[in-house]
Amino acid sequence: MTTPVIIVDYGLGNLHSVRKAVAAAGGEPVVTADAAVVAAADKVLLPGVGAFGDCMRNLRQSGLIPVLRKHIRRDKPFLGICLGMQVLFEESEESPGVPGLGIFPGKVIRIPTALKIPHMGWNSLALRTPCPLLADAGGQYVYFVHSYCCEPADRSLVTAVAEYGYPIVASVARGNVMGFQFHPEKSSAVGLAMLRRLVEL
């Protein structure tokens with residue numbers, strides 16, 4: 001029997017598509033902004049659409065920052081998607097002076113490429129270090145929409161990269177804390193397989 005996947009509602013996320021995808025992957029999605037519900041969760045998913053500074057402000061106003069940090073310290077499954085991955089780091093060029101969650105060392109930078117920004121479309125994954133959600137994902141195409149990318153200070157965090165005139169860090173992980181720069185909920189069967197593994201953790 002699987003436990004619910006708590007999807008954090010901080011007022012900016014692409015909640016409808018994420019909720020539908022988790023359900024299609026066999027999970028029980030629960031969308032909430034209630035810090036008490038998140039605090040009691042076994043699995044947390046932080047979706048991401050919007051600006052880094054707006055996300056952190058809304059999380060702070062909702063009282064969710066200490067709750068998320070505590071969940072992560074307990075090494076329970078956590079997945080951040082797109083902006084939800086970026087806020088795991090310390091800071092972002094998108095919102096100077098706004099601290100992130102600081103779970104991982106490093107920063108978020110504007111993609112240094114001559115190609116069109118935002119990076120929008122399908123790119124293949126090149127796996128680096130093992131991640132429980134990415135089994136058999138090497139060479140598979142997933143969907144990206146972003147203008148900024150993560151630059152981890154600890155490169156052992158990088159589980160996959162994607163090429164876009166620059167080696168984009170496509171995913172990171174340490175223990176049960178994982179982040180995807182791409183959108184699994186928009187990545188067809190490949191993304192659903194990743195979410196299914198999250199449901200089954």
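This is a predicted model: local features need pLDDT of at least 70, side-chain atom pairs count only at pLDDT 80 or more; totals for chains, interfaces and linings use all residues.
How are α1 and α6 oriented to each other, roughly parallel or roughly perpendicular?

View 1. Residues are numbered from 1 along each chain as its sequence is written, and side-chain values use heavy atoms, with hydrogens and water left out. Helix α1 (residues 15-24) packs with α6 at an angle of about 70 degrees, their axes lying 8 Å apart; α1 and α6 are therefore roughly perpendicular to each other (a class that covers 65 to 115 degrees). Ala21, Val22 and Ala24 of α1 meet Leu192, Leu195, Arg196 and Val199 of α6, where contact means heavy atoms within 4.5 Å. By class, this contact has six nonpolar residues, no polar ones and one charged residue.

View 2. Gln181 is found in the loop between β13 (177-180) and α6 (188-200), and, at 0% relative accessibility, Gln181 counts as buried (under 20% relative accessible area, with a 1.4 Å probe and protein chains only). Residues that Gln181 touches, not counting those up to four places away in sequence, include Cys82, Phe144, His146 and Val169.

**View 3. The open sheet β5-β6-β10.** Three strands form an open sheet in the order β5-β6-β10, with mixed pairing (two strands pair if DSSP finds at least two bridges between them). Because β5 (91-92) and β10 (148-152) each have a single partner strand, they stand at the edges, and one side of each is left without a neighbour in the sheet. Strand β6 (residues 106-110) runs antiparallel to β10 and is joined to β10 by five bridges; the bridge partner of Gly106 in β10 is Pro152.

Key. Helices (H or I, at least four residues) and strands (E, at least two) are DSSP runs, numbered from the N terminus. Buried means under 20% relative accessible area, exposed over 50%, partly exposed in between (1.4 Å probe, protein chains only). Axes are lines fitted to C-alpha atoms, for helices over the stretch in contact, and angles run from 0 to 180 degrees between N-to-C directions. Angles under 35 degrees count as roughly parallel, over 145 as roughly antiparallel, 65 to 115 as roughly perpendicular and the rest as oblique. Ala, Val, Leu, Ile, Met, Phe, Trp, Tyr, Cys and Pro count as nonpolar, Asp, Glu, Lys and Arg as charged, and the others, Gly among them, as polar.
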